[in-house]
Amino acid sequence: MTETRFPGFADPVLDAQASFRAVLEAMSRPGRVQQVVVPPELPPGLSPAAAAVLLTLVDAATPLRLAAGPEAAAWARFHCGCPLVRDGAAVVLDPTATLPDLDPGTDEEPERGATLILAVASLEEGAGWRLTGPGIRDTHRLRVRGAPAGFVADWARNRARFPRGVDAILCAGSRIAALPRTVLIEEG
Amino acid sequence: MPPSSQQTPHPAADPDGARRCWMGVLARASADEIAGCLATLPTQPAHLRLRGPETGLVMVRGRAGADGAPFNLGEMTVTRCSVRLPDGRVGHAYVAGRDGRQAELAALTDAMLLDEAARAEVEQAVIAPLAAAQAARREAEARRAAATRVQFFTMTQMR
């Protein structure tokens with residue numbers, strides 16, 4: 001089924017550009033929280049920011065692994081025209097996915113590493129995780145509520161296989177923060 | 001296009017045949033023609049654009065002699081649109097050319113025709129006159145072409 005009752009961005013060109021800019025800012029300044037433009041209506045199972053990131057990044061050349069119900073799958077097929085896959089996905093939105101079992105790319109083509117979209121409960125700057133790495137002058141603090149158990153330990157292993165690895169975009173409401181594979185996360 | 005593809009297929013053999021038929025009629029009608037017909041209806045539901053109208057290219061494939069190996073004939077400009085009515089029905093349209101208004105009105109009419117209760121009325125007000133006008137145009141063109149037809153058999157007899 002590829003028919004959906006739910007629309008995409010209200011203004012497909014400008015909203016997608018604004019969201020792309022937000023994702024770019026988020027990726028280049030790890031842990032900084034950005035606002036994305038959200039679609040006027042959402043299929044059940046998708047958070048506003050996750051839906052906006054999918055509309056912005058996913059297209060026919062981006063295999064998507066999506067576990068958010070049939071309505072969301074039909075919506076993604078309709079608006080993004082992307083193949084829905086289980087293995088070898090470039091973008092992953094699946095709460096059961098863990099960092100080690102996603103495609104990290106190869107040493108020759110590290111850009112083929114998957115991007116994980118992770119829906120979390122809230123994102124607050126100024127406390128919580130201590131982030132360091134490229135794009136952060138000294139340290140940056142980001143409090144993430146609702147991250148999966150063992151995420152920080154998995155992240156350390158993900159970072160150790162650089163230049164291969166998985167990038168993550170955390171979504172809460174209409175806010176996003178990105179964790180590129182270079183960032184180091186310390187708890188506390 | 002051969003005339004046979006514009007006739008309604010048997011509903012049992014092809015459940016989507018009726019929809020295919022009215023989508024074809026809408027795709028061949030101009031925006032003003034569709035708008036004029038829709039205006040004769042008492043009510044027009046408000047609609048939400050799900051996607052488009054957006055213009056792009058599609059590759060048209062052909063087969064030599066209809067059964068040869070498929071080849072890419074060329075690209076054509078197509079505009080598509082999908083709309084949703086307040087009751088949740090979704091209509092689609094793919095039309096040749098770049099007229100976004102035509103695509104949107106065609107998608108709206110498609111969605112209205114999906115309602116079994118209102119179908120007869122909309123078909124009567126929109127599809128029937130458009131189909132009749134298109135048949136008349138085709139007929140006039142065929143007549144003009146027929147006037148210049150050369151009867152080779154007759155010519156050999158005359159010699």
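**A chat about a two-chain model**

Visitor: Hi! Which strands make up the open sheet of 3 strands in chain A?

Guide: That open sheet in chain A has the order 6-5-9, with antiparallel pairing. Strands (E, at least two residues) and helices (H or I, at least four) are DSSP runs, numbered from the N terminus, and two strands pair if DSSP finds at least two bridges between them. This is a predicted model, in which local features need pLDDT of at least 70, side-chain atom pairs count only at pLDDT 80 or more, and totals for chains, interfaces and linings use all residues. Residues are numbered from 1 along each chain as its sequence is written, while chains are lettered from A and ligands numbered from 1 in the order in which they are written.

Visitor: Which are the edge strands of that sheet?
Guide: Strand 6 and strand 9 of chain A, each pairing on one side only. Neighbouring strands here are turned by 60° against each other on average, direction ignored. Axes are lines fitted to C-alpha atoms, for helices over the stretch in contact, and angles run from 0 to 180 degrees between N-to-C directions.

Visitor: How many bridges join strand 5 and strand 6 of chain A?
Guide: There are 7 bridges between strand 5 (residues 122-132) and strand 6 (residues 140-145) of chain A, in the antiparallel sense. Glu125(A) has Leu142(A) in strand 6 as its bridge partner.

Visitor: And what about strand 5 with strand 9 of chain A?
Guide: Strand 5 and strand 9 (residues 184-186) of chain A are antiparallel too, over 3 bridges. Here Arg130(A) has Glu186(A) in strand 9 of chain A as its bridge partner.

Visitor: What is the strand order in the open sheet of 6 strands?
Guide: In chain A, the order is 1-8-7-4-3-2, with mixed pairing. Its edges are strand 1 (34-35) and strand 2 (64-66) of chain A, which each pair on one side only. Strand 7 (residues 167-172) and strand 8 (residues 175-179) of chain A are antiparallel partners over 5 bridges, and Cys171(A) has Ile176(A) in strand 8 as its bridge partner.

Visitor: Which helix packs on the sheet?
Guide: Helix 1 (residues 12-28) of chain A does, touching strand 1, strand 7 and strand 8 of chain A. The direction of helix 1 makes about 40° with that of strand 8 of chain A. Touching residues are in contact, meaning that their C-beta atoms, placed from the backbone, lie within 7 Å.

Visitor: New topic: how many residues are in the largest nonpolar core?
Guide: It has 57 residues, and those with the most contacts inside it are Val53(A), Leu170(A) and Ile176(A). Such a core is a set of buried Ala, Val, Leu, Ile, Met, Phe, Trp, Tyr and Cys residues joined through C-beta atoms within 7 Å. Helix 2 (residues 48-57) of chain A gives the largest share, 8 residues. Setting aside neighbours within four places in sequence, the contacts of Leu170(A) include Leu118(A), Val144(A) and Ile176(A).

Visitor: Why does Ala90(A) count as buried?
Guide: Because Ala90(A) has 22 C-beta neighbours inside 10 Å. A residue is buried if 20 or more other C-beta atoms lie within 10 Å of its own, exposed if 12 or fewer, and partly exposed in between. Ala90(A) sits in the loop between helix 3 (70-80) and strand 3 (91-93) of chain A. Beyond its neighbours within four places in sequence, Ala90(A) contacts Thr62(A), Pro63(A), Ala114(A) and Thr115(A).

Visitor: On to chain B: how many helices and strands does chain B have?
Guide: Chain B has 5 helices and 3 strands, in the pattern α-α-β-β-β-α-α-α along the sequence. Buried residues make up 23% of its 159 residues.

Visitor: At what angle do helix 2 and helix 3 of chain B cross?
Guide: Roughly 35°, with the axes of helix 2 (residues 31-38) and helix 3 (residues 100-113) of chain B coming within 8 Å. Among the residues that meet are Ile34(B) and Leu38(B) in helix 2, and Leu105(B) and Thr109(B) in helix 3 of chain B.

Visitor: Last one: how many residues does each chain bring to the contact between chain A and chain B?
Guide: Chain A brings 6 residues and chain B brings 7 residues.

Methods
Contact = placed C-beta atoms within 7 Å.
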